[in-house]
Amino acid sequence: MNALNIDLPKLEVRRYSQLVDGKSGEAMSGERFERRSPAHGVVVGNYPLADVADAHAAVAAARNAFDTGPWPRMSARERSEILLVISERIAGNAEELAMMDVLESGKPISQARGEMAGAVDLWRYAAGQARSLHGSVPAGLGQHMLGLIEREPVGVVAMITPWNFPFVILSQKLPFALAAGCTVALKPSELTPGSSLRLGEMLKDAGLPDGVVNIVVGYGNTVGQTFAEHDDVDMISFTGSTQVGKSVVRAAAGNLKKVALELGGKNPQIVCADADLDAAADAAVFGVFFNVGQCCNSSSRLIVERSVAKRFEEKLAELTARVPVGDPLDPETRVGAIINDAQMEKIEGYLKGAIEAGANPLCGAERIKANAGLYYAPTLMSGVTRDMKIAREEVFGPVLSILTFETLDEAIGIANDTHYGLSAGIWTSDHDRALIAARDLRAGTVWVNCWMDGFSEMPFGGVRQSGLGREQGAQAIEEFTEQKSVLFHRGPRAGRWVPGV
Ligand code: TXE
């Protein structure tokens, strides 16, 4: 038993269905697969295993719903009302959805509950955007011309989502695409498909027409690749690794579909000597150990002013020792399990390489045995230099690389010395330094004296190899639209092109 009194060995393994053209059912092959909780080692879900044929069926249903169905033709008000009903269903079933994400991903229950609240807000925000989306009319085209710039849904959107924030990442995409009038073929990660499939049931109940959202779960190289290549898909929205993001771009070139990518990061926090060091230390520990560091926004690099580096490392070590690690079903837990063996081996590989290269673990750097699950101790690595792999590549684990600097220019240089550009931050009480850093850090988001605060109103996405396009924010719906220019001539045609007529 655990803090929530869930008897895991006796847990009834939930059997999920896929959703294609409004019908819940099995994959065409009839095959199924299972997922074990990485935190407990027991089977927690059983899912239909979709293959290429299911991916084609999902796209065909979305295509038909877009080309002939009511959804893109409804008024914004009607679409918005359905999105609001869905948001209420999500809110009403938040605990069940949170538990699905916890059991499949190993993330702490307190965090998963927060993610569901964030997801509800995104659905509500998108419902509002459905009604505020508008085109424009340029005022200066002359007395004979009326120009209308319309916004139309882009069409069929394929979505591919990862395992680290299964429901929130889906909610950063799906409600905005629906608000615009698009139809969707969705492939959640094969490691965490439960909450997405459960959402499929809610969509039907909320009155979403058949075929508007189709959900199939399969592997990246079958279902994912089929979506990315498919000629009937007008746009692909992908969140995952930079490496797979690049392969999605290559596959999407076949029909030049629109591509939106939210990829990895190697996000730096700069800590200046004049900062509130206690606040910065707490944010540094939160920034890297949140979601066990399996987070595109993980602040995996800390760049500390040399004069306070020693003192700051001591503060970090003290705080890290107090972080509750273990069973994600315990509401006090802050750090849960690693997603799978492959990820665990990846983390261990990076640490081995860093130690060989001369970095020094201040704490952690080992597995923790608990609950028959996969746990890794929060790890602080001191003496990291900017050329080390651990300072440049995404570890995606609870590992903080600590580097030092003398001048702000040097700090910004180190911060920008990566192929990524998702997020960055600075801790300082000097407004000038903060403003210079906010200007010069190459990232989609810069946090000043805070970390990872997010709002539906604020756009999210990366520059360089961290992605293409933005999710959330006032323009989120526009990502799922195309502009159309319509020109109306007023009055008799002036002059003729053909001479002499
Ligand atoms: O990601 P993948 P993985 C990073 C992180 C992590 C690494 C590997 O560094 O260690 O990626 O994680 C689908 N065509 N991030 O292997 O493979 C796949 O099924 C189309 C960062 O899980 O990118 C899943 O649904 N789709 C990231 C999704 O892509 C393919 C979140 C993500 O899987 C595909 C996750 C293909 N050829 C990992 N191959 C973030 N930005 O937060 C796989 N997929």
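## Ligand site

Domain 1 (14-263 + 462-485) and domain 2 (268-448) both contribute residues to the shell around the ligand, so the ligand lies between them. The model is a predicted one. The shell counts 25 residues, of which Trp 163, Lys 187, Ser 241, Lys 346 and Glu 394 come nearest to the ligand. Sorted by class, twelve residues of the shell are polar, eight are nonpolar and five are charged.

Four elements each supply at least two residues of this shell: helix H7 (220-229), strand S10 (235-239), helix H8 (242-252) and helix H11 (341-356). The largest share comes from H7, with three residues.

## Polar atoms facing the ligand

For Lys 346 the distance from a polar side-chain atom to an oxygen atom of the ligand is 2.5 Å. The corresponding distance for Glu 190 is 2.8 Å. In Gln 343, an N or O atom of the side chain is 3.1 Å from an oxygen atom of the ligand. The ligand taken alone exposes 810 Å², and the protein buries 85% of that area.

Lys 187, one of the residues that come nearest to the ligand, belongs to strand S8 (residues 183-187). Lys 187 is buried because its relative accessible area, 3%, is under the 20% limit. The side chains of Lys 187 and Glu 190 are joined by a polar contact of 3.1 Å, and Glu 190 also has a polar side-chain atom 2.8 Å from a ligand oxygen atom.

## Cysteines

How many disulfides does the structure hold? The count is zero. A disulfide is a covalent bond between the sulfur atoms of two cysteines. For Cys 363, the closest cysteine sulfur is that of Cys 295, at 19 Å, which is too far for a bond because a disulfide requires the two sulfur atoms to be within 2.5 Å. Cys 363 is partly exposed, with a relative accessible area of 22%.

Cys 450 is likewise in no disulfide, and its nearest cysteine sulfur, in Cys 272, is 14 Å away. The relative accessible area of Cys 450 is 24%, so this residue counts as partly exposed.

## Buried helix residues

Leu 103 sits in helix H3 (residues 94-105) and is buried, at 8% relative accessible area. Between Leu 103 and Met 235 there are 132 residues of separation along the chain, and their C-alpha atoms are 31 Å apart.

Ser 171 is part of helix H5 (residues 166-180). With a relative accessible area of 1%, Ser 171 is buried. Ser 171 and Asp 121 are 50 residues apart along the chain, with 9.2 Å between their C-alpha atoms.

## Positive phi in loops

Leu 256 is not a glycine, yet its phi is positive, at about 50°. The residue lies in the loop between H8 and strand S11 (258-262). Is Leu 256 buried or exposed? Its relative accessibility is 71%, so Leu 256 counts as exposed.

Phe 396 also has a positive phi, near 60°, in a residue other than glycine. Phe 396 is located in the loop between helix H12 (389-392) and strand S18 (399-405). At 12% relative accessibility, Phe 396 counts as buried.

Conventions:
Residues are numbered from 1 along each chain as its sequence is written. This is a predicted model: local features need pLDDT of at least 70, side-chain atom pairs count only at pLDDT 80 or more; totals for chains, interfaces and linings use all residues. Side-chain values use heavy atoms; hydrogens and water are left out. A residue is near a molecule or strand if one of its heavy atoms lies within 4 Å of it. A polar contact is a pair of N or O atoms within 3.5 Å; within protein, one must be able to donate a hydrogen and the other to accept it, and residues adjacent in sequence count only if both atoms are side-chain atoms. Accessible areas come from the Shrake-Rupley method with a 1.4 Å probe; for residues, only the protein chains shown count as cover. Ala, Val, Leu, Ile, Met, Phe, Trp, Tyr, Cys and Pro count as nonpolar, Asp, Glu, Lys and Arg as charged, and the others, Gly among them, as polar. Domain bounds come from an automatic or database domain assignment. Buried means under 20% relative accessible area, exposed over 50%, partly exposed in between (1.4 Å probe, protein chains only).
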